[in-house]
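Please keep the sequence and the model in view as you read.

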Amino acid sequence: MKKRTVIAIGIVILLGVAGGRDLYTTFYPQHMINVDGKTLHLGRVYSQHLLSTVVITGDGETLLTVTVPITAVVKQTTAKLKNEVNKGNRDLAVGEKMQLATAYFNTDISIHLSTMVTYNAQHYASISMPLEAVTVNYTVNDELQFNDIIELVQRYQNKTQQIFNNDYNFIN
C-alpha cells in the first residue's frame, strides 16, 4: 500500500512539474528571433510591425521606391506606377496614351522587395529583423508590364505575410 502511495505521489509531482512548465511559458513567453546570426530572447512581445519596401532601379538610378506597412504595399505600388503612367501620358497624343496594363519600363530593371519586422518586447524596446528579401532582374526585351510588377508585389506580400504568420507572429 505504501509503495502505491509513493508511486502515485511521484506521478502527481511529475505531472505538476510538467504542467507548471506549460503554465510558466504561458505567463512568461520565450519568443526568440535570429538577428545577424545571434539568437535574441524577446520575452513577452507587446507590439510588432511589418514594413515593406519596393525599389525598382534601371540604368543605375532609382525609378520607383515605396516603403509602407506590408498591408499597403500593393496599393501604394499601384498608385506610384499609375503616377508614372500619368506623367508619361502628359506628352502623348490622345490615341497614344498608355494604360497601366500595357505600360512598361523601356530599360533593364531590377526589382528589390524587402520586409523588416520590428518588435517592441519585454527585453528590447525596439528591435528590427529582416524577414524576407527578394531581387528580380528583367531585361528590356522581357517587356515586363506594370501589371506584372503589381502581380509580383502581390505574390511577395502574400508569401511574406504567410511566413510571418507561421513563424514570427508572437501576438495572437
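## Layout of the chain

Read from the N terminus, the elements follow the order α-β-β-β-β-α-β-β-α. That makes 3 helices and 6 strands, where helices (H or I, at least four residues) and strands (E, at least two) are DSSP runs numbered from the N terminus. The model is a predicted one, in which local features need pLDDT of at least 70 and side-chain atom pairs count only at pLDDT 80 or more, while totals for chains, interfaces and linings use all residues. Residues are numbered from 1 along each chain as its sequence is written, and side-chain values use heavy atoms, with hydrogens and water left out.

Of the 172 residues in the chain, 31% are buried; buried means under 20% relative accessible area, exposed over 50%, and partly exposed in between (1.4 Å probe, protein chains only). Among contacts (heavy atoms within 4.5 Å) between residues at least 6 apart in sequence, 63% join residues at least 24 apart.

Let us begin with α2.

Which residues of α2 are buried? They are V73, V74, T77, T78, L81, V85 and N89. Viewed down the helix axis, these buried residues fall within an arc of 145 degrees, so they line one face of α2; the arc is that of the directions from the helix axis to the C-beta atoms. An α-helix has 3.6 residues a turn, so residues three or four places apart point the same way. The cover over the buried residues of α2 includes β3 (45-58), β4 (61-69) and α3.

T78 is one of the residues in α2. Its side chain reaches the backbone oxygen of V74 at 2.8 Å, and, leaving aside neighbours within four places in sequence, T78 is in contact with L100 and I150. K75 also has its place in α2, yet K75 counts as exposed. K75 and V153 are 78 residues apart in sequence, while their C-alpha atoms are 9.7 Å apart in space.

## The nonpolar cores

A nonpolar core is a set of buried Ala, Val, Leu, Ile, Met, Phe, Trp, Tyr and Cys residues joined through side-chain atoms within 4.5 Å. The largest has 24 residues, and V54, I56, L81, I109, I111, F146 and I149 have the most contacts inside it. At least two residues of this core come from each of β3, β4, α2, β5, β6 (127-138) and α3. The largest share, 6 residues, is supplied by α3.

L81 touches L64, L100, F105, F146, I149 and I150, apart from its neighbours within four places in sequence. Another core lies apart from this one, with 15 residues, among them L40, L50, I70 and Y119.

## An aromatic pair

Rings of Phe, Tyr and Trp (its six-membered ring) pair if their centres lie within 6.5 Å; planes under 30 degrees apart count as stacked, over 60 as edge-to-face and the rest as tilted. By this rule there are 2 aromatic pairs. One of them is the tilted pair of F105 and F146, with 4.9 Å from centre to centre and 45 degrees between the planes. F105 lies in the loop between α2 (73-89) and β5 (109-121) and F146 in helix α3 (residues 146-168), so the pair ties together parts that are 41 residues apart in sequence.

S52 belongs to strand β3. The side chains of S52 and T115 are joined by a polar contact of 2.8 Å. Such a contact is a pair of N or O atoms within 3.5 Å; within protein, one must be able to donate a hydrogen and the other to accept it, and residues adjacent in sequence count only if both atoms are side-chain atoms. Beyond its neighbours within four places in sequence, S52 has contacts that include V66, V73, S114 and Y156.

H41 sits in strand β2 (residues 38-43). Not counting residues up to four places away in sequence, H41 touches H31, M32, H123 and Y124.

Here are the accessibilities of some residues discussed above.

| Residue | Relative accessibility and class |
|---|---|
| S52 | 1%, buried |
| F146 | 4%, buried |
| F105 | 12%, buried |
| T78 | 16%, buried |
| H41 | 43%, partly exposed |
| K75 | 66%, exposed |
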